[in-house]
Amino acid sequence: MSEQFDAVDIITTKRDEARLSNEQIDWVIDAYTRGAVADEQMSSLAMAILLNGMDREEIARWTAAMIASGERMDFSSLSRPTADKHSTGGVGDKITLPLAPLVAACGVAVPQLSGRGLGHTGGTLDKLESIPGWQADLSNEAMLRQLEDVGAVVCAAGSGLAPADKKLYALRDVTGTVEAIPLIASSIMSKKIAEGTGALVLDVKVGSGAFMKDVESARELAETMVALGTDAGVTTVALLTNMQVPLGLTAGNALEVRESVEVLQGGGPKDVVELTVELAREMLAAAGRDGEDPAAALQDGRAMDVWRRMIVAQGGDPDAALPTARETHEVLAPADGVLTELDAYKIGVAAWRLGAGRARKEDPVQAAAGVEMHAKPGVTVRAGERLLTLHTDTPERFERALDVLDGSFTIAPEGSRPDLLPLLIDRIAD
Ligand code: URA
């Protein structure tokens, strides 16, 4: 079959800083998905896009072409509106766990298609899989049934959604082209739009533990994604939030489930509670239910009731003991003073090296591995006090985790104050 375009012409168009036409974009995504454009050609085009960018119209068309490569889900038969949240990924980011049942408890259905972790950020499915019996894989019919009956589903994204993105993301991962804002935005939004949610709240992380290390690039990514969602008819809002420091006091699968349950019981760390409630408010407002008070639903046990039903519906036992690590190692404060820095990236890498994360897609993870923090920036500590507890089933991992933790925290003289961004940095809406 003769092809409509030549891949080399498309690559050189972008290399020479010109716009790609709608037809070129449609063709190159389709041809790459079916194997008519080779990996080396697509990686060259991805690099040209990383270097020369795409305008709003090109990004919208690129996203639409990726959506068209697969199936679209449809939640219009549900009796309540839908809202979803997407985080660009961070260390200790367990927010989906309390958030999905909380929003469902306030009358909005949450279809949360999630992934497994790769690298130093954990994956929501890995966390939930530490609950005995819990299953990530659901058919589309089972997902729809659970959304109607329980109101919240967190499950694995099927292979049918945006298959072009699956192939392209794997290629970008090994060709140094992950960081292109047009490619990140279209990758995330193609999956969220294909998923069929009516409203979407984006949690765009900023800081060492995030993709976006500074506020300016996070704002550009957020604005690009909000425009894509809005143009596709999805009510989309983004919050820029701090990822200089890990969220909460735990990073690791079962450790994060334990902390999420504390939040659902009305306790838990202040930052996790604050972000959960703020994201819930945004999701409810975007879905047209801003009369509900998520803080009350967290305190009075309604969110906990939905959590329990959500876990049971996917085969899990919400009362089962969570796995605990065979070995622990404590890191102590070397001096008196104020903890002013606790580096999210280094804590994330330590949790990963302890066994909480994977280096390759097919690697197993340890449910109980991770890092527990006993203090967060701003707290006064005494020499010899516990700062961190490292958890693993394989103690030979302690040494490499401790290597990366070298320099991960700063203790400054008493009276010092941390110089950090606020938890909620900015809000972006169209
Ligand atoms: N997450 C995605 O789904 N895609 C990207 O490109 C980056 C993060």
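**Exercise 1. What area do domain 1 and domain 2 bury between them, and how much of it is on carbon and sulfur atoms?**

Solution. Domain 1 and domain 2 bury about 1,400 Å² between them, with 81% of it on carbon and sulfur atoms, where buried area is the accessible area (1.4 Å probe) that two parts lose on being put together, summed over both. The structure is a predicted model, in which local features need pLDDT of at least 70 and side-chain atom pairs count only at pLDDT 80 or more, while totals for chains, interfaces and linings use all residues. Residues are numbered from 1 along each chain as its sequence is written, and side-chain values use heavy atoms, with hydrogens and water left out.

In domain 1, 17 residues are in contact with 18 residues of domain 2, contact meaning heavy atoms within 4.5 Å.

**Exercise 2. Which residue forms a salt bridge with R56?**

Solution. Begin with the rule, by which a side-chain nitrogen of Lys or Arg must lie within 4 Å of a carboxyl oxygen of Asp or Glu. The partner of R56 is D231, and the closest N and O atoms of the pair are 3.1 Å apart. Across the interface of domain 1 and domain 2, the rule finds one salt bridge.

**Exercise 3. Which residues lie nearest the centre of the largest cavity, and which helix gives the largest share of its lining?**

Solution. On a 1 Å grid over the protein atoms alone, a cavity is a set of points where a 1.4 Å probe fits but cannot get out, and lining residues have an atom within 4 Å of a point. Grid points are joined across faces, edges and corners, and a volume is the space filled by probe spheres set on the points. The count comes to one cavity of 30 Å³ or more, and about 120 Å³ of space lies in the largest cavity.

Of the 17 residues that line this cavity, H120, T121, G122, A351 and A356 lie nearest its centre. The largest share of the lining, four residues, comes from α15, which spans 344-356; helices here are DSSP runs (H or I, at least four residues), numbered from the N terminus. Finally, domain 2 and domain 3 (327-412) each supply at least three residues of the lining of the largest cavity.

Key: On a 1 Å grid over the protein atoms alone, a cavity is a set of points where a 1.4 Å probe fits but cannot get out, and a pocket is an open set with protein on both sides within 12 Å along at least five of seven lines; lining residues have an atom within 4 Å of a point. Helices (H or I, at least four residues) and strands (E, at least two) are DSSP runs, numbered from the N terminus. Domain bounds come from an automatic or database domain assignment.
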